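This report looks at one strand and its surroundings in a protein model. Please keep the sequence and the structure in view while reading.

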Amino acid sequence: MKVIRELLNKELIFFENADNKEEILRKMGRKLLENGLVKEGFIESIVKREEKYPTGIDLSVVGEDLPNVAIPHSEPEYSNCKKLVVVKLEKDIKFNNMIDPSKELKVKYLFFILNNEKSNQTNILSHLMSFLTQESKMKGLENLKTKDEVYQYLISNK
């Protein structure tokens, strides 16, 4: 997972709590803005984009009892870098399904794609999806309790 290894660093792994998707998107947006990773307008952009183009992914098709994920992302002009931000939620939050936006999913993990290059978004997404769609890898992620454990797991998994 060379691409994930290049995009990830320990400071971009978070364990968070929120009551709904807008709250977590705004909370994470503020953190990313404070750290200079995104530009003004990112928060509104990601909230609006999530409403219009949901990013929830149902992993029940990959394996039983797997946590669902969402992959929020914004337009490249709002990012200052190419990074992957990982958020493990303390409790599931409802996101709309990417495939069927009328359906809601309970999501446990968010993988924010920050990308300041228009052409690379699908490449990043395909590498991330190859990880997320392997049952054993997602089950392994569930047992991790610290930023360091999550970081080491994600960069060492191929």
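Predicted model: local features only at pLDDT ≥ 70, side-chain atom pairs only at ≥ 80, totals over all residues.

Strand β5 belongs to an open sheet of five strands, arranged in the order β1-β4-β5-β3-β2 with mixed pairing. The edges of this sheet are β1 (13–16) and β2 (56–57), each of which pairs on one side only. With β4 (residues 83–96), strand β5 pairs in the antiparallel sense over 10 bridges, whereas β3 (residues 68–70) runs parallel to β5 and is joined to it by three bridges.

| Residue | Opposite residue in β5 |
|---|---|
| Val 85 | Phe 112 |
| Phe 95 | Leu 105 |
| Asn 68 | Val 107 |

Helices also lie against the sheet. Helix α2 (residues 21–34) lies across β1, β4 and β5, and it runs at about 160° to β4. Helix α6 (residues 147–156) packs on the sheet as well, touching β1 and β4, and its direction makes about 135° with that of β1.

Is Lys 108 buried or exposed? Lys 108 counts as buried because its relative accessibility is 19%, and buried means under 20%. When its neighbours within four places in sequence are left aside, Lys 108 is in contact with Pro 67, Asn 68, Val 87, Lys 88, Leu 89, Asp 92 and Glu 142. One of these contacts, Asn 68, is also the residue that stands opposite Val 107 in β5.

Definitions and conventions. Residues numbered from 1 in each chain as written. Heavy atoms only, no water. Buried < 20%, exposed > 50% of the residue type's maximum accessible area, 1.4 Å probe, protein only. Contact = heavy atoms within 4.5 Å. Pairing = 2+ DSSP bridges. Helix = DSSP H or I, 4+ residues; strand = E, 2+ residues; numbered from the N terminus. Axes fitted to C-alpha atoms, helices over the stretch in contact; angles between N-to-C directions.
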